[in-house]
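Please open the model in a viewer and keep the selection tool at hand.

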Amino acid sequence: MFPGFIVEQRRRMEMTPRCFARCAVLMALLWNVSSAQIRYSIVEEVNEGAVVGNIAKDLGLDKSTLEERKYRVVSSAEEPLFHVNVNDGLLYVSRKLDREDVCALNSVCLINLKTVLENPLEVHYVGVEILDVNDHSPIFPEKEKTLDISESVLPGARFQLKAARDPDRGDFSVQKYKLSQNDHFRLEIKDKGEDGKIPILVVQKALDREARASHALVLTALDGGKPPKSGDMNILVNVLDVNDNAPVFATDVYSVMLDENAPIGTTVIQVNATDLDEGTNGDVIYLFTDSMHHKLLSLFNIHPQTGDIIVKGTIDYEDKNKYEIEIQASDKGYAPLTTEKSVIIKIVDINDNAPEIEVTSFSSSIPEDSRLGTTVALISVNDLDSGLNGKVICSISEDVPFVLSPSLQDKMYSLVTKSPLDREKMSKYDISVVARDAGQPALSSEKTISVFISDVNDNSPEFSFSPYTFYVTEGNHAGASVFSVKASDRDDNENAAISYHIVRDGREGSKLSSFLSINTENGQISALKSFDFETLKSFQFQVVATDGGSPPLSSNVTVKVFILDQNDNAPVILYPVSSNGSAEGVEEIPRNMKAGDLVTKVRAYDADIGYNGWLLFSLQQVTDHSLFTLDRYTGQIRTLRSLTETDEAEHGLLILVKDNGNVSLSATATVTVKLVEPKEAFAASDVKRAAAKVDEEDDNVTFYLILTLGSVSLLFVISIIVLIAMQCSKSTEYTSKYLQDANYDGTLCHSIQYRSGDKRYMLVGPRMSIGSTIVPGSHANTLVLPDRRHTSSGEVRLVSN
């Protein structure tokens with residue numbers, strides 16, 4: 001279960017039985033801990049790719065799902081020490097391990113790893129202990145040391161030496177010192193715990209400068225390796241003359257509190273020592289002992305004359321919360337005497353670390369129909385400070401449909417949904433996670449999580465108008481597009497892809513839909529036949545819009561189509577008509593007719609309606625222009641003057657009958673008028689009088705019809721002028737009014753507005769309201785209106801071929 005530990009165990013089996021027993025106890029302890037948390041061990045200096053352990057097997061994970069569940073080691077380091085191979089489930093070393101680099105000051109080098117699986121979310125914590133190997137020899141700070149010792153020192157005088165340093169820890173650090181064989185000195189060891197063992201040179205026999213002025217010694221440091229490694233320092237002891245009083249500190253114990261991040265130059269404490277000697281032998285100077293760790297020398301300094309201990313570097317509570325500094329007071333005698341003292345500095349934590357937020361997102365997007373409580377992301381927070389300064393409260397804004405749910409593990413949160421999601425209202429949420437500690441003043445950190453909402457098919461297509469009303473002029477080209485419908489869907493991607501089709505259910509109202517074809521992609525509708533106003537005036541059908549979702553959603557709309565008349569029928573002459581069917585006739589009139597008498601009446605018919613069916617008569621050719629006149633509205637031919645004997649007996653008249661369409665259609669009739677004596681025309685005159693009476697009645701009806709039509713036209717023109725004046729005084733746009741009557745018959749009672757180029761026109765036509773739009777073939781008989789609007793998307797279109 002712990003291959004790294006087993007490798008180290010095998011190496012140590014070659015050691016002493018005592019070491020073997022220690023390893024066995026350690027293995028048992030690790031095995032007990034693994035029941036709560038898996039823990040591996042591996043020796044330092046192994047190369048990249050070394051196997052730490054079968055983490056998948058030890059956690060009881062299925063190897064085949066590791067890659068799918070994105071099993072990984074979560075680490076904030078740029079170059080993590082370990083990684084998991086999702087193919088075999090093994091934990092590997094990512095780079096060469098150097099325990100002294102990873103855990104320089106720790107006696108136990110334990111790396112805590114957090115591993116994560118997704119779908120479902122699982123977090124496992126694994127400990128990896130990096131075991132030390134004896135790869136460093138003890139080294140003294142100085143290769144040679146010179147000591148000046150007065151000959152007056154008594155046996156038992158102690159002189160502290162600089163300790164050797166070994167980067168290895170535990171048994172592989174410096175374990176003991178040896179002094180070369182001599183008669184005057186012996187060696188004592190002061191154990192300072194984590195600061196190591198300090199060698200002290202002790203005088204065991206009185207010195208006699210006259211007998212021997214110097215002593216050469218060799219101090220050897222040995223570590224606990226098998227075999228041990230060692231390092232030497234040469235000591236030269238110079239015996240000096242008498243200086244018999246050492247400095248004495250004023251206080252037995254020095255202890256002080258210091259705030260972390262204290263500014264450089266801050267005085268921590270002032271120490272004071274006195275010497276009873278006089279002169280230079282009584283002058284005291286202060287300095288750090290040779291046993292001071294180099295890191296402490298980078299943090300503190302001591303003033304040699306005043307004894308002030310001063311901050312030299314950055315003090316960080318999170319690095320170390322207490323320092324013990326060894327100082328010494330020395331006189332200036334020829335053979336200086338020294339006294340050592342420990343100064344304990346306790347670091348006070350201040351709130352100088354903002355909380356750190358770590359986010360592991362398990363889904364880049366969630367569907368909009370996710371249930372309440374769906375987990376979106378896992379968030380962990382950490383603060384390096386202690387106490388209240390390290391207590392962290394995590395929160396998010398309240399205007400999002402998410403909430404932070406605390407986990408059972410401290411400083412862990414789950415981001416879950418708290419209310420329904422709707423992609424059509426909001427497709428992306430940028431959630432700001434704020435972590436704030438309880439320090440004074442409080443520090444905070446913020447991190448933004450982007451959550452995307454994926455679409456589900458929950459919206460049916462919506463048509464732009466309901467119902468649609470279109471006006472199509474008759475005579476359209478078969479197969480050409482006549483109008484289109486448009487629907488939109490608020491969903492996304494394939495859920496918003498719309499297709500169209502026409503409902504063909506065989507009912508009476510939808511039979512005409514078989515003559516229509518719709519483009520399934522854009523809703524463009526084409527007519528498969530040409531419409532004829534004279535046979536079909538209106539019809540309606542239904543169009544269905546269906547989206548591409550699964551299952552698909554659809555909606556329908558009713559489309560009403562009104563056929564507009566165009567001038568496609570020429571006038572037909574009803575009278576005169578000859579026996580062979582041609583529009584020719586002969587009229588005999590007596591020579592005693594007076595001015596204004598009715599000669600005959602040309603009758604014609606036009607199948608079109610409105611202006612297209614409104615006929616006008618004109619006299620194209622006549623033998624004598626002074627004799628006959630033609631009424632342009634009724635077709636009546638009357639005499640302009642009384643007939644005389646000198647008038648010719650026969651006159652030919654060519655009458656042109658044309659309608660009022662934009663492109664007028666016409667027909668001609670030929671009337672031959674013969675002048676006869678009254679007695680010859682007696683029989684015909686009775687008929688003529690009867691016909692004249694009827695014609696007089698027709699004339700009266702025609703007069704009233706023309707008078708009524710003129711009055712309506714005058715009122716209509718006045719209404720148009722008032723409307724134009726009102727529109728000129730307002731900035732609002734024209735509103736289209738559409739024909740909604742399914743029984744529309746096309747009678748002349750309203751008008752139509754239409755555009756051509758930059759101009760706007762108004763045309764009197766069959767039951768069309770102000771605001772409708774038409775595309776005619778010409779602009780005859782139209783009223784030009786000022787263009788003070790833009791065409792709105794809701795206008796009904798009239799299509800002309």
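**Charges over rings**

Begin by selecting K529 and F515: the charged end of K529 sits over the ring of F515, 4.7 Å from its centre. A charge sits over a ring if NZ of Lys or CZ of Arg is within 6 Å of the ring centre and within 35 degrees of the ring normal. Next, select K537 and F533, where K537 lies over the face of F533 at 4.9 Å from the ring centre.

This is a predicted model, in which local features need pLDDT of at least 70 and side-chain atom pairs count only at pLDDT 80 or more, while totals for chains, interfaces and linings use all residues. Residues are numbered from 1 along each chain as its sequence is written, and side-chain values use heavy atoms, with hydrogens and water left out.

**The whole protein**

Now display the protein as a cartoon. It has six helices and 53 strands; helices (H or I, at least four residues) and strands (E, at least two) are DSSP runs, numbered from the N terminus. Of the 801 residues in the protein, 42% are buried. Buried means under 20% relative accessible area, exposed over 50%, and partly exposed in between, with a 1.4 Å probe and protein chains only.

Among the contacts (heavy atoms within 4.5 Å) with a separation of 6 or more, 66% are between residues 24 or more positions apart.

**Aromatic pairs**

The structure holds 12 aromatic pairs. Rings of Phe, Tyr and Trp (its six-membered ring) pair if their centres lie within 6.5 Å; planes under 30 degrees apart count as stacked, over 60 as edge-to-face and the rest as tilted.

Select F402 and Y429: their ring centres are 5.5 Å apart and their planes stand at 80°, so the pair is edge-to-face. F402 belongs to strand β28 (residues 402-406) and Y429 to strand β30 (residues 428-437), so the pair ties together parts that are 27 residues apart in sequence. F402 is buried, with a relative accessible area of 1%, and Y429 also counts as buried, at 12% relative accessibility.

Move on to F483 and F541. The centres of their rings are 6.4 Å apart and the planes are at 25°, so this pair is stacked. It links distant parts of the chain, with F483 in strand β34 and F541 in strand β39 (residues 538-547), 58 residues apart. Both F483 and F541 are buried.

Then extend the selection to one aromatic cluster, formed by F463, F465, Y468, F470, F483, F531, F539 and F541.

**A lysine in a loop**

Select K486, which lies in the loop between β34 (481-484) and β35 (487-488). Is K486 buried or exposed? K486 is exposed, with a relative accessible area of 51%. Leaving aside residues up to four places away in sequence, K486 touches E462, F463, S464, Y468 and Y500. F465 is 21 residues from K486 in sequence, and their C-alpha atoms are 8.3 Å apart in space.

**An open sheet**

Finally, select the four strands that form an open sheet in the order β1-β7-β6-β3, with mixed pairing. β1 (38-43) and β3 (72-74) stand at the edges, each with a single partner strand, so one side of each is left without a neighbour in the sheet. Two strands pair if DSSP finds at least two bridges between them. Three bridges join β3 to strand β6 (residues 110-117), and the two run antiparallel.
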